[in-house]
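This note comments on the side-chain contacts of the structure shown here.

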Amino acid sequence: MQLEQQHQHANRPSRSDCRPEKASELDPVDVIDSSVFGQMHNVLRRKSPEMLRSNGHQFSVHFRGESGIDAGGLYRDALAEMCTELQSPHIPLFLPCPNARHGVGITLDKFIPNASCSTPVFSPYFETIGKLMGCAIRANEPLSLDLPSMVWKPLVGQRLDESDLEAVDEICTNALKAILDDKELAKKGVTPENFTDITD
């Protein structure tokens, strides 16, 4: 894959190079860097935000071994491939939400940032995702990332409420409600005498 911005080129692997069969046995950073998203990261991390603030497509795409001139279709293909990777088990940056993992609730298709990746090693990758979101908005090419309101509301300045937590983790929401409900606690035998951590 070749990403071009302002006539600058970078040689990249083909699509087939980006699908490790045994990703769990590899270093997660190596897996990310070998993906389409990793290729975008390696190009965009060298670009200042100012250079990405033009309207339209900020880079062009060429998949090695495939013919075609990027008139927009390859750009969209690369974004779609990247979003598929970010929501796959191979790349650890996002995880299915708890509702999806437990099969409860009505929101089973959303992904949330992986708390285990909140380290300096992975922070630059999330910064790249933010850059790509900005590029997508300017180019009017929405990213096909299934992110819940708990993720996007803070990005657009909206307040979170109970429904946002319930949409991704109904079990946790119900547990918190039960803790705040004296009658429910009494039904479960939780009293001020035997559970002071809650009642104090």
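The points below treat the contacts one by one.

1. Basis of the note. The model is predicted, so that local features need pLDDT of at least 70 and side-chain atom pairs count only at pLDDT 80 or more, while totals for chains, interfaces and linings use all residues. Residues are numbered from 1 along each chain as its sequence is written, and side-chain values use heavy atoms, with hydrogens and water left out.

2. Salt bridges in total. The whole structure contains three salt bridges (a side-chain nitrogen of Lys or Arg within 4 Å of a carboxyl oxygen of Asp or Glu). Helices and strands are cited as DSSP runs numbered from the N terminus (helices H or I, at least four residues; strands E, at least two).

3. Arg-76 and Glu-141. The closest N and O atoms of this salt bridge are 3.1 Å apart. The pair links distant parts of the chain, 65 residues apart: Arg-76 belongs to helix H3 (residues 73-86), and Glu-141 to the loop between helix H5 (123-139) and helix H6 (149-155). Arg-76 is partly exposed at 42% relative accessible area, whereas Glu-141 is buried at 13% (buried is under 20%, exposed over 50%, partly exposed in between; 1.4 Å probe, protein chains only).

4. Asp-164 and Lys-153. Here the closest N and O atoms are 3.2 Å apart. Asp-164 sits in helix H7 (residues 162-168) and Lys-153 in helix H6, so the bridge ties together parts 11 residues apart in sequence. Both Asp-164 and Lys-153 are buried.

5. Glu-162 and Lys-177. This salt bridge has its closest N and O atoms 3.1 Å apart. Glu-162 is in helix H7 and Lys-177 in helix H8 (residues 170-179), so parts 15 residues apart in sequence are tied together. Glu-162 is partly exposed at 47%, as is Lys-177 at 36%.

6. Aromatic pairs. There are three aromatic pairs (ring centres of Phe, Tyr or the six-membered ring of Trp within 6.5 Å; planes under 30 degrees apart are stacked, over 60 edge-to-face, the rest tilted). Phe-37 and Tyr-125 form a tilted pair, 6.3 Å centre to centre with 50° between the planes. Phe-37 in helix H2 (residues 36-44) and Tyr-125 in helix H5 are 88 residues apart. Phe-37 is buried at 0%, and Tyr-125 is buried at 4%. Phe-37, Phe-122 and Tyr-125 make up one aromatic cluster.

7. Phe-94 and Phe-126. Their ring centres lie 5.9 Å apart with planes at 70°, so the pair is edge-to-face. Phe-94 in strand E3 (residues 94-96) and Phe-126 in helix H5 are 32 residues apart. Phe-94 is buried at 6%, while Phe-126 is partly exposed at 25%.
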